[in-house]
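The sequence and model are shown first.

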Amino acid sequence: MFGYVVPDCKAISVRDFSFYRAVYCGICLATKHRYGNIPRVTVNYDITAFAVLATEAEMPQLRFGMCRCIGDPRRKPYVKDCGFMRRMAGINILLSYYKALDDVIDSGKKSSLVLRALRGSYRKAKADLPVADEIISRGYEKLREAEKAGETSIDRASDCFAGLLSELFAASSLGGRDEYYSESMRKLCYNIGKFVYIADALDDVEEDYAAKRYNPVLAAVPGFGGDRAKYFSEHSDELRFAVNSTVNRAIESSNGLTFTQADGLLRNIIYDGLRAKAEELFSSRTKLPPPKIRVAKSVAKDFKKQIKAERARRKKGQ
């Protein structure tokens, strides 16, 4: 996964941000405990969104603590190591390994530093989660076949990764759920997976064009001459339709679901975050930098005032 499914920081609350970061840090620490320090660099915001959605499907008993790390020495909340977090860490390792393998195959090389660094962790994750490994392996094989055939339909090309993510979520998190809930969740995950695939393709148009690699966007909408902004402007209708229709279907799927502990966070990601990321992609003249998730200063300031006022009331009551 790549880092395109993120909250809209302009609208995220302190509570939702804290839970989101706690899940992210929890996956990172679970990765360290099971797979070592080096694979921790693969933890990303998309697997965090996947895990947050999985907490709603499974309702695991999570325990929280406070931690520091070399990347951020400030004390912050995290979800403590447990079976659920290790499973999310394992799924992330599998997805990261197959993404690295796909990149190697696309480049025509025999291996890469990332692929070699993940091999040991991949073997462990495969042993821990054989069903997930089979789903991801089969999904990427189908995706490579579509790319090799030069698929010119964005919808058909993105179906491979979207189906992979939907099947993976169903196998890992929907056991015991009723048919209506499971179907709605599968549709939501499918459209989120589709969004990730299209967003990644849009982001990579320059790189893929220069390297003469297959890109579903370039295959479906030819005419790229090396100028990203010009290409997006000239083909705005086709490209925006592909993205917006996917976001609309994700929203439609989520409307039939009831979220509990992560309701505000998931609504933020699905209703606001996906659209905000799409606009960021279309307005950027270069490949997007890694996202930074933080609470807006005005929201953080208001939250501090509320905490201060609550402490004053408690003190006065004593």
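## Lys230 in helix 10

Lys230 is partly exposed, because its relative accessible area is 49%; the classes are buried for under 20%, exposed for over 50% and partly exposed in between, with a 1.4 Å probe and protein chains only. Lys230 belongs to helix 10, residues 228-234. Helices are DSSP runs of H or I with at least four residues, strands are runs of E with at least two, and both are numbered from the N terminus. The C-alpha atoms of Lys230 and Arg285 are 9.2 Å apart, while 55 residues separate the two in sequence.

The model is predicted, so local features need pLDDT of at least 70 and side-chain atom pairs count only at pLDDT 80 or more, whereas totals for chains, interfaces and linings use all residues. Residues are numbered from 1 along each chain as its sequence is written, and side-chain values use heavy atoms, with hydrogens and water left out.

## Nonpolar core

A nonpolar core is a set of buried Ala, Val, Leu, Ile, Met, Phe, Trp, Tyr and Cys residues joined through side-chain atoms within 4.5 Å. The largest such core has 99 residues, and those touching the most other members are Ile27, Phe169 and Met185. In soluble globular proteins, nonpolar side chains tend to be buried together. Contact here means heavy atoms within 4.5 Å. Not counting residues up to four places away in sequence, Met185 touches Leu53, Glu56, Ala57, Phe169, Leu174, Leu257 and Phe259.

Ala170 sits in helix 6, residues 154-173, and is buried because its relative accessible area is 17%. Between Ala170 and Met185 the C-alpha distance is 8.1 Å, at a sequence separation of 15 residues. With neighbours within four places in sequence set aside, Ala170 is in contact with Gly175 and Arg186.

Val52 is part of helix 2. With a relative accessible area of 0%, Val52 is buried. Its contacts, leaving aside neighbours within four places in sequence, are Phe19, Tyr20, Val23, Ala262, Leu265 and Leu266. Val23 is 29 residues from Val52 in sequence and 7.1 Å away in space, C-alpha to C-alpha.

On a 1 Å grid over the protein atoms alone, a cavity is a set of points where a 1.4 Å probe fits but cannot get out; a pocket is an open set with protein on both sides within 12 Å along at least five of seven lines, and lining residues have an atom within 4 Å of a point. Grid points are joined across faces, edges and corners, and a volume is the space filled by probe spheres set on the points. The count is one cavity of 30 Å³ or more. The largest cavity holds about 120 Å³. Its lining has 12 residues, with Val5, Ala49, Phe50, Leu53 and Ile192 nearest the centre. Helix 2, helix 7 (179-203) and helix 12 (263-283) are the elements that supply two or more lining residues, and helix 2 gives the most, four.

## Second largest pocket

The second largest pocket has a volume of about 630 Å³. It is lined by 22 residues, and Tyr24, Cys25, Tyr45, Asp72 and Lys76 are the closest to its centre. At least two lining residues come from each of helix 1 (14-35), strand 1 and strand 2 (72-79). Helix 1 has the largest share, seven residues.

## Cysteines

A disulfide is counted when two cysteine sulfur atoms lie within 2.5 Å, and the count is zero. Cys67 is in no disulfide, as the nearest cysteine sulfur, in Cys25, is 5.1 Å away. Cys67 is buried because its relative accessibility is 14%. For Cys69, the closest cysteine sulfur is also that of Cys25, at 6.3 Å, which is too far for a bond. Cys69 counts as partly exposed, at 28% relative accessibility.

## Positive phi angles

Most residues other than glycine have a negative phi. Met59 is not a glycine, yet has a positive phi of about 50°. Met59 lies in the loop between helix 2 (45-58) and strand 1 (64-69), and is partly exposed because its relative accessibility is 40%.

Lys212, also other than glycine, has a positive phi near 60°. Its place is the loop between helix 8 (205-211) and helix 9 (216-220). With a relative accessible area of 78%, Lys212 is exposed.
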